[in-house]
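Let me put the structure up and then walk you through a few parts of it.

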Amino acid sequence: MKQAAPAILVGLGTLCLLSGSYYGLFVAPPERYMGDVQRIMYIHVPTAWNALLALTWAFISALVYLVRGGRAWDARLEAGIEVGVILTALLCALGAIWARPTWGVWWDWDPRLTTSAVLLVGFVGILALRHFVDDPARRATWTAVGTVVMYIDVPIVYLSVKWWNTLHQMQSTPETVATTFHWPLRVNAFGVLILMVGLLIARARIAEARLREELTDPEDESAGASNLVPGRVL
Amino acid sequence: MIGTASLGPVGAPVVLPGGVAQVPELREAAVTATGLARRFGRRWALRHVDLRVEPGRLVMVVGRNGSGKSTLLRLIAGAIRPDRGRVLVGGHDACRDAEAVRRQTALLGHASNTYDAFTALENLTVTARLTGTPTDRDALTSVLDRVELAAYRDESVAGFSAGMRRRMAFARLLLQTDAVAPRDRSHKASVVLLDEPYAQLDWPGFRFVDDLVRSLAARGMTLLMATHLVDRGVSLCDDGIVLEQGKLRWAGPAAWLGTRSGRELLDRPEGRD
Amino acid sequence: MQLTAVVRKDVLLQWRSPGQRVAILAFGVTVLLLLSFAAGPNTGALRPLASGFLWLALLLSSTLALADSFQTEMEQHALEGLLLLPVSARAIYYGKALANWCQLLVLALLLVPCAVVLYDVTITRVLALSGVLVLGTAGLSAPGTLYAAMAEQAKAKQVLLPLLLFPLVVPVLLASVKATALLVTGDPMRQVGSWAALLASFDLVYWSLCGLLFNRVVEH
């Protein structure tokens with residue numbers, strides 16, 4: 001049962017996502033001002049929440065690793081960053097897809113979207129760092145350090161971009177939709193959440209398996225006795 | 001204990017410098033390693049080493065290249081952290097009380113640890129300032145004089161030969177062991193770790209190392225010296241240990257390594273007993 | 001005091017390679033030129049972009065300066081030597097970060113007149129501008145020193161430092177550019193103070209955080 005957990009979660013999550021999206025795409029009424037284009041919010045908003053959640057999980061794993069160490073937490077960290085990067089990339093893509101028909105431009109420097117782009121590049125950099133370090137212990141420590149440093153920057157980046165943007169004509173960004181449309185949003189949010197947790201577990205398992213293969217234990221200690229020349233043991 | 005070595009006459013009173021006799025049980029061992037292991041990538045450089053060295057002993061560390069000699073010395077110095085086990089220097093844990101251990105140990109490693117942009121004197125000044133030893137020009141020149149680099153004190157290290165760089169490393173070591181008059185005795189290193197001290201030196205250099213070892217011994221320092229020059233080590237050291245593929249193969253009086261059985265042990269690789 | 005000893009060591013190291021300092025300055029000026037080539041020769045169009053170009057040139061030059069500061073430590077394993085002495089890693093970090101900060105500040109002060117010449121801007125509030133330069137370069141130096149230590153010990157060192165540093169210092173870039181622009185073109189709504197406060201907060205957070213984390217980056 002435990003072995004199949006990721007698969008079950010992914011399945012369940014996809015199911016939720018499909019039903020929520022079906023409702024959002026075909027059944028829910030179109031939004032008053034934006035029309036059908038707004039339907040992308042049913043995917044976009046859940047992705048946003050979960051991207052941040054994945055990266056927060058990475059941050060927590062990083063902190064725990066720095067304090068306690070251990071393969072398991074490094075694996076969780078790696079999973080958190082990768083899943084977070086994928087979701088953030090998706091987020092930026094969805095943001096652009098939404099912006100084009102709405103404002104006529106692909107990118108409108110919305111503070112949240114811009115912060116996501118900065119996060120994306122930042123954490124891709126940390127993944128690159130992982131790739132360029134051979135020693136597993138050092139790789140884990142440096143990833144953890146990089147994650148902590150980058151994550152703490154998130155609110156500062158958001159604030160700076162927000163202030164920066166207020167000097168220009170602020171285009172209203174899509175806030176969460178009117179209350180009548182909450183249902184498909186909630187279903188999708190849970191769908192992506194469950195899907196994400198499944199992916200995190202699966203990815204962490206892969207990372208841990210790789211670490212286990214990389215880090216063998218020293219040989220059986222009992223061999224030590226026979227190596228000592230007899231009569232010289234003090 | 002299997003696989004362990006305890007070097008030094010436990011139970012016999014030892015006279016410390018200054019003439020104070022102290023019974024060993026009340027004193028901490030200079031170095032205690034328990035279950036020490038360390039990997040680099042996939043390779044285990046050191047596997048489960050248990051070692052106990054009493055203060056004031058001179059220990060030679062012998063083994064093939066790659067047997068873990070440098071790793072052991074670096075673990076004791078606190079330069080690297082163990083993957084398994086722990087190492088105590090004077091009762092301080094090298095992981096938890098890293099700064100105390102680094103104060104008590106002085107390591108002569110393979111690299112010269114110098115800033116090539118600086119002169120010999122400037123390099124020593126950096127070390128002197130950070131170890132609390134006198135930094136005036138004369139004091140440092142006298143240290144350089146001991147390693148016969150006084151003539152090059154104002155020359156940039158970038159132009160130094162390998163032998164001169166090694167002597168710079170010795171000069172750093174002397175500062176850490178307070179070869180010059182110390183201002184504060186509590187700060188001097190008492191455990192000296194030499195990783196192949198004779199490498200890259202010429203015949204006068206060999207004599208210098210011999211004299212240094214003897215003078216450190218006379219001051220009651222504990223010494224661990226990794227070397228391939230077995231005969232020299234045997235003549236200088238009290239005890240010896242043999243490492244093979246990261247494991248402690250043998251421990252005992254250094255003199256035994258000079259005998260025929262000792263030679264056989266060194267020539268015979270593991271697994272062909 | 002240990003920190004003073006480390007700062008003296010790092011400043012002397014910089015002093016000993018004047019060729020490198022001049023080269024980094026030349027690089028900065030080249031960037032300023034290239035950016036103006038990209039934007040066109042019309043000085044009217046360039047003037048509002050001046051502060052942005054200045055900080056971009058500074059950011060790009062900083063990667064060279066920061067990388068260089070650790071290269072000298074790695075060549076003969078000098079950093080390893082320091083870490084064998086009873087010196088705290090924190091002192092080593094702060095000494096290096098302070099020395100790098102000075103270097104970046106000097107670089108900034110030298111690039112400003114170049115920007116003045118190339119983009120035809122007039123600087124009236126010199127003191128306030130210096131303040132922004134101080135805060136901005138501090139924001140680059142703290143995380144930059146930490147990342148440079150990592151990058152110099154890893155493979156592919158040249159790409160790693162900018163890749164890690166640039167996303168992180170987005171707030172520094174935004175705030176410094178905005179504050180500089182306001183000081184140059186006029187600040188009717190008195191916003192410079194808020195931007196300076198943002199810079200100061202970033203500096204406070206990262207000078208503390210990176211100091212805490214440095215020993216994990218240099219331990220073996």
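So, helix α1 of chain C: which of its residues are buried? They are C:A5, C:V6, C:K9, C:D10, C:L13 and C:Q14. Keep in mind, please, that this is a predicted model.

What covers those buried residues? Part of the cover comes from chain C itself, including α2 (18–39), α4 (50–75) and α6 (89–119), and chain B also contributes, with α3 (120–131).

Okay, zooming out to chain C. As for the radius of gyration, a compact globule with 220 residues would have one near 17 Å, and chain C has 18 Å, which agrees. Of those 220 residues, 53% count as buried. And here's one about the contacts in chain C: if you take those with a separation of 6 or more, 85% are between residues 24 or more positions apart.

Next, chain A against chain C. That contact takes 25 residues from chain A and 23 residues from chain C. On the chain A side, α4 (111–131) and α5 (136–166) each supply at least two residues. Which helix gives the largest share of that side? That would be α5 of chain A, with 16 residues. And if you sort the chain A side by class, you find 19 nonpolar, five polar and one charged residues.

The average pLDDT for chain B is 85, and 85% of the residues score at least 70. Where is confidence highest and where is it lowest in chain B? Highest is helix α1 of chain B, residues 69–77, at 96, and lowest is strand β3 of chain B, residues 21–22, at a mean of 40. Over residues 10–26 of chain B the pLDDT is below 50, and this stretch has 16 contacts in the model beyond near neighbours in sequence.

Note on methods
Residues are numbered from 1 along each chain as its sequence is written. Chains are lettered from A and ligands numbered from 1 in the order in which they are written. This is a predicted model: local features need pLDDT of at least 70, side-chain atom pairs count only at pLDDT 80 or more; totals for chains, interfaces and linings use all residues. pLDDT is the predictor's confidence in each residue, from 0 to 100. Helices (H or I, at least four residues) and strands (E, at least two) are DSSP runs, numbered from the N terminus. Two residues are in contact if their C-beta atoms, placed from the backbone, lie within 7 Å. A residue is buried if 20 or more other C-beta atoms lie within 10 Å of its own, exposed if 12 or fewer, and partly exposed in between; C-beta atoms are placed from the backbone. Ala, Val, Leu, Ile, Met, Phe, Trp, Tyr, Cys and Pro count as nonpolar, Asp, Glu, Lys and Arg as charged, and the others, Gly among them, as polar. The radius of gyration is taken over C-alpha atoms; the globule rule is 2.2 Å times the number of residues to the power 0.38.
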